[in-house]
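Me: I'm new to this one and would like to go through its side-chain contacts. Could you show me the structure?

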2 protein chains.
Amino acid sequence: MAQGKLDPDSVPDDGLTTRQRRNLPITAVHTGTGKGKSTAAFGMALRGWNQGFSIGVFQFVKSAKWKVGEEEVFRRLGSLHTETGEGGPVEWHKMGSGWSWSRKAGTEEDHAADAAEGWAEIRRRLAAETHDLYVLDEFTYPLKWGWVDVDEVVRVLRERPGKQHVVITGRDAPQALVDAADLVTEMSLVAHPMQAGRKGQRGIEW
Amino acid sequence: MAQGKLDPDSVPDDGLTTRQRRNLPITAVHTGTGKGKSTAAFGMALRGWNQGFSIGVFQFVKSAKWKVGEEEVFRRLGSLHTETGEGGPVEWHKMGSGWSWSRKAGTEEDHAADAAEGWAEIRRRLAAETHDLYVLDEFTYPLKWGWVDVDEVVRVLRERPGKQHVVITGRDAPQALVDAADLVTEMSLVAHPMQAGRKGQRGIEW
């Protein structure tokens with residue numbers, strides 16, 4: 001059967017019309033040891049912003065030194081939406097030492113509790129249908145370390161109401177999460193300048 | 001030897017200081033059959049824009065139906081730079097049926113000539129140090145089809161003056177290009193909603 005590039009490979013026997021199926025929310029996972037996992041997730045957020053999506057970014061990182069470039073641009077795009085109505089609203093939260101919505105200061109030792117609190121907030125927002133697109137950046141690590149329960153995450157994602165897209169990034173995505181995702185991309189490192197004694201640089205790495 | 005996460009794996013014996021090496025321009029290739037190749041490249045451009053880089057995007061695609069979301073946002077960011085001085089300037093060119101700088105209309109049959117003309121313009125801009133970051137989107141296809149000579153591309157990239165970063169995307173990157181790149185990431189498809197009879201949708205695919 002001849003198919004166009006964008007045609008589905010097959011039509012599943014799930015009782016849904018193409019339109020219903022098309023409008024299902026996407027769960028995407030970007031994993032692997034290569035670069036581009038977060039960058040591609042933020043690229044998806046850029047596209048969503050342009051369509052007027054409400055964007056929620058949650059960075060499960062200890063240090064917020066990296067990826068400040070994206071944060072600055074998305075904060076600017078969020079302001080642009082407030083000022084001119086272009087695109088959609090943007091919220092950008094990072095764990096760092098405690099989430100911005102949390103009053104407690106957080107310490108170096110609180111990462112497990114911070115991660116659990118971040119997930120609890122995301123679960124509340126999913127129930128409230130707060131955003132159209134959620135980026136859970138480096139969320140595979142709290143899953144891997146057992147700070148957040150994978151089975152609960154999978155269940156909450158499966159049962160989430162409405163049409164909320166979720167993109168999860170990070171190495172070593174748990175198999176249960178991969179199995180539950182609609183779109184899983186593995187980024188593999190083929191060559192990297194750091195292997196040739198070169199360090200990260202402005203505009204490329206941050 | 002204990003190393004921090006961001007330390008280079010080894011220091012090459014190339015006569016360069018760490019600072020000199022750090023400031024070398026990056027040639028990056030995003031290849032493989034998975035998603036995220038272009039999206040991650042545009043994410044890098046976003047980061048570069050935020051650092052004030054002059055961004056030049058060249059899309060070697062026949063149809064410009066896809067990725068209009070990114071184009072709209074980057075055109076908006078380019079305007080923002082003109083209006084407020086924030087970020088850097090942006091030029092976004094696509095082959096479509098003829099490049100924007102070309103006076104001739106172009107026909108369906110002109111793709112090989114159009115691709116060669118696109119590359120000739122990029123070569124001129126590299127010689128003139130026009131941009132800080134070039135995104136050559138889906139440029140592997142004209143290379144694969146022999147419309148643009150791989151060896152010439154590799155030579156021009158190797159000999160380019162100043163500090164101009166180049167990111168090339170597309171499946172089946174030729175080996176000579178991979179060998180010449182500093183950073184090669186392979187995106188592999190693990191699972192995709194299209195395999196389950198779902199078509200692309202607004203905000204996710206475009």
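**Charged pairs and aromatic rings**

Reply: Here's a place to begin: B:Glu121 and B:Arg125 join their side chains in a salt bridge, 2.8 Å from N to O. A salt bridge here is a side-chain nitrogen of Lys or Arg within 4 Å of a carboxyl oxygen of Asp or Glu. This is a predicted model, where local features need pLDDT of at least 70 and side-chain atom pairs count only at pLDDT 80 or more, while totals for chains, interfaces and linings use all residues. Residues are numbered from 1 along each chain as its sequence is written, chains are lettered from A and ligands numbered from 1 in the order in which they are written, and side-chain values use heavy atoms, leaving out hydrogens and water.

Me: Which helix holds both B:Glu121 and B:Arg125?

Reply: Helices are DSSP runs (H or I, at least four residues) and strands are too (E, at least two), numbered from the N terminus. B:Glu121 and B:Arg125 sit four residues apart, about one turn of the helix, and the helix is H4 (residues 111–128) of chain B.

Me: Are B:Glu121 and B:Arg125 buried or exposed?

Reply: Buried means under 20% relative accessible area, exposed over 50%, and partly exposed in between (1.4 Å probe, protein chains only). By that rule, B:Glu121 and B:Arg125 are both buried.

Me: How far apart in sequence are the parts that A:Arg123 and A:Glu152 tie together?

Reply: A:Arg123 and A:Glu152 form a salt bridge, with their closest N and O atoms 2.7 Å apart. A:Arg123 lies in helix H4 (residues 111–128) of chain A and A:Glu152 in helix H6 (residues 150–159) of chain A, so the bridged parts are separated in sequence by 29 residues.

Me: What is the relative accessible area of A:Glu159?

Reply: A:Glu159 meets A:Arg155 in a salt bridge of 3.8 Å, N to O. A:Arg155 counts as partly exposed at 42% relative accessibility. A:Glu159 is exposed, and its relative accessible area is 56%.

Me: What angle separates the ring planes of B:Phe60 and B:Phe139?

Reply: Rings of Phe, Tyr and Trp (its six-membered ring) pair if their centres lie within 6.5 Å; planes under 30 degrees apart are stacked, over 60 edge-to-face, and the rest tilted. The rule gives 18 aromatic pairs over all chains. B:Phe60 and B:Phe139 make a tilted one, 4.7 Å centre to centre, with the planes at 50°.

Me: How many residues apart are B:Phe60 and B:Phe139?

Reply: B:Phe60 is in the loop between strand S2 (55–59) and helix H3 (68–84) of chain B. B:Phe139 is in the loop between strand S4 (133–137) and helix H5 (140–144) of chain B, and the separation is 79 residues.
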